[in-house]
Amino acid sequence: MIKDISFKISEKTYVYDGDPSFQKSIVFKSPQVSLLSMGSHTGTHIDAPKHFFSNMEGISQIDLEKLCGKAKVIHIKGKYSIDICDLEKYNIKKGDIILFKTINSEKFNGENSLDEYCSIALNTSIYLAKKGINLVGIDYMTVEPKNSEDFSVHKTFLSNKICIVENLNLKDIDEGEYKFYCLPLNIENLDGCPVRCILEK
């Protein structure tokens, strides 16, 4: 069974204030060729270490084995912060891919912002970095708590070469283990990129 856990990108896709919105125009009608314009963090997307560290890996330098493999979908219910105590029973190991389904999935459709959303606490990001996971994903446009002023959660993951996937569509996904595939475009020296993310059971 294949499940697409990416949101469709359209002119309605929600982006951060100040980020470029998605635009599409037809350049030639026959054969049809379109011009696409969008930011590198539009829709379901991946953050590369270069997003915050200019001397670190961009999209084209990431080892694809870190982006594809066994994933654990962990359902965090009724909370606005993912804490270490929520994860201790899951036996998280080095090389795991961890995807968080949260209360966000009940409210977020890829086109709306949330006044309140579930995010990853800083001490939890440090815990996961020490575990040596390969990738972390969440079902909203950021892993960062709303009151964060220094992007410390992003920096903890990315400085440890743990890529971040944001805006996952996990509404219809059950907790459990899956095969995960995440393939960004092979664009040189890029800080982030929209992705098509797939789960296989």
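Tutor: Start with V27, F28, V33 and L35. These residues make up a nonpolar patch on the surface, with about 370 Å² of accessible area together. Patch members have over 30% relative accessible area and no salt bridge; nonpolar side chains (Val, Leu, Ile, Met, Phe, Trp, Tyr) are joined within 5 Å, like charges within 9 Å. Areas come from the Shrake-Rupley method with a 1.4 Å probe, and for residues only the protein chains shown count as cover. Strand 2 (23–29) and strand 3 (32–37) are the elements that give two or more residues to the patch. Strands here are DSSP runs (E, at least two residues), and helices are runs of H or I with at least four; both are numbered from the N terminus. V27 sits in strand 2. V27 is partly exposed, at a relative accessible area of 45%. The classes are: buried under 20%, exposed over 50%, partly exposed in between (1.4 Å probe, protein chains only).

A word on the basis. This is a predicted model, in which local features need pLDDT of at least 70 and side-chain atom pairs count only at pLDDT 80 or more, while totals for chains, interfaces and linings use all residues. Residues are numbered from 1 along each chain as its sequence is written, and side-chain values use heavy atoms, with hydrogens and water left out.

Now the charged pairs. The structure has 4 salt bridges. Each needs a side-chain nitrogen of Lys or Arg within 4 Å of a carboxyl oxygen of Asp or Glu.

Take R196 and D4. Their side chains meet in a salt bridge, 2.6 Å from N to O. R196 lies in strand 12 (residues 192–200) and D4 in strand 1 (residues 2–4), so this pair ties together parts 192 residues apart in sequence. R196 is exposed, at 57% relative accessible area. D4 is partly exposed, at 34%.

Turn to D96 and K72. Their closest N and O atoms are 3.0 Å apart, in a salt bridge. D96 is in the loop between strand 6 (81–82) and strand 7 (97–101), and K72 is in strand 5 (residues 69–75), so the pair ties together parts 24 residues apart in sequence. Both D96 and K72 are buried.

Last, K79. K79 forms a salt bridge with D83, with the closest N and O atoms 2.9 Å apart. K79 is partly exposed, at 24% relative accessibility. D83 is also partly exposed, with a relative accessible area of 23%. A network of salt bridges links K79, D83 and D86.
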